[in-house]
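Trainee: Hi, I have a structure open and a few quick questions. Could we go through it together?

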Amino acid sequence: MLKVEGLHAYYGRAHILADVAFEVSSGEVVVLLGRNGAGKSTTMKSIMGLVAPASGRIAFRGTEIAGKQPFEIARLGLGYVPEDRRVFTELTVEENLEVGKRPANPDAPEWTTEKLFALFPNLARMRDRPGSQMSGGEQQMLTIARTLMGNPSLVLLDEPSEGLAPVIVEQMAKTILDLKQQGLTVLLSEQNLHFARTVADRALIIEKGRIRFAGTMAELMANEGVRAQYLSL
Ligand SMILES: Nc1ncnc2c1ncn2[C@@H]1O[C@H](COP(=O)(O)OP(=O)(O)OP(=O)(O)O)[C@@H](O)[C@H]1O
Ligand SMILES: [Mg+2]
């Protein structure tokens with residue numbers, strides 16, 4: 001579904017991503033793990049066209065997307081939830097969802113506000129509440145739900161568990177597994193290995209802008225050396 005090859009990206013003269021390559025297949029949940037500053041968000045921004053790749057290829061369902069504009073990439077069926085989630089604070093939960101609405105996508109689950117309220121019962125209970133009166137965790141759920149309203153076939157979630165209380169992290173994991181059940185493909189970035197292992201099929205480790213490990217979650221859990229070297233334990 002997604003194939004990244006030889007991706008290089010810069011901020012000014014700083015070489016941030018070096019020869020990044022990986023694939024995500026349809027129906028998979030893949031986690032991109034790495035410490036602060038490793039290049040997780042830059043990888044996601046490069047895929048979404050928010051950072052212009054200096055070189056490399058990014059194919060989404062067979063279409064070359066490197067060099068396209070973010071709105072064009074989103075239209076092809078890529079959803080993105082950035083790490084600095086933003087809800088429209090003046091709009092209610094339901095109105096926030098309506099803003100995210102886009103035409104159905106033939107190869108992706110089709111979402112309505114009612115289906116999303118079934119998936120996010122806590123949002124259903126506050127559908128008329130303005131965004132300004134929601135907790136950080138609730139806003140995080142709402143930005144994911146709003147992205148789903150665009151009917152993406154692949155969603156990029158940048159550190160979905162970050163800053164959430166343990167009980168909300170558990171809900172988030174359940175939500176991601178529900179989405180996988182519905183046929184959605186997910187690429188998420190994380191520092192929280194415990195969370196990652198409850199949701200992901202496969203793991204990639206990025207360090208200093210290079211992919212250092214790619215394997216199944218079971219392979220990563222069996223490889224203490226790699227975890228000790230590249231992840232905060
Ligand atoms: N807009 C920017 N301008 C210049 N350098 C940047 C910019 N954004 C990020 N960087 C640098 O690029 C590198 C990769 O950052 P990135 O945000 O991709 O890391 P990350 O893995 O997402 O980290 P975190 O876990 O803290 O979110 C870091 O060294 C960071 O300081
Ligand atoms: Mg980041």
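Trainee: Which residues is glycine 39 in contact with, leaving aside its neighbours within four places in sequence?
Mentor: Those are Ile16, Leu17, Gly34, Ile206 and Gly209, where contact means C-beta atoms, placed from the backbone, within 7 Å. Keep in mind that this is a predicted model: local features need pLDDT of at least 70, side-chain atom pairs count only at pLDDT 80 or more, and totals for chains, interfaces and linings use all residues. Residues are numbered from 1 along each chain as its sequence is written, while chains are lettered from A and ligands numbered from 1 in the order in which they are written.

Trainee: Where is glycine 39 found?
Mentor: Glycine 39 is in the loop between β3 (29-33) and α1. Helices (H or I, at least four residues) and strands (E, at least two) are DSSP runs, numbered from the N terminus.

Trainee: Buried or exposed, glycine 39?
Mentor: Glycine 39 counts as buried because it has 23 C-beta neighbours inside 10 Å. The cut-offs are 20 or more other C-beta atoms within 10 Å for buried, 12 or fewer for exposed, and partly exposed in between.

Trainee: Changing topic, which residues are closest to ligand 1?
Mentor: Tyr11, Asn36, Lys40, Ser41 and Thr42 are the closest of the 13 that surround ligand 1, with a C-beta atom, placed from the backbone, within 6 Å.

Trainee: And which elements give two or more residues to that shell around ligand 1?
Mentor: They are β2 (14-24) and α1 (40-48). The largest share, three residues, comes from α1.

Methods
Two residues are in contact if their C-beta atoms, placed from the backbone, lie within 7 Å.
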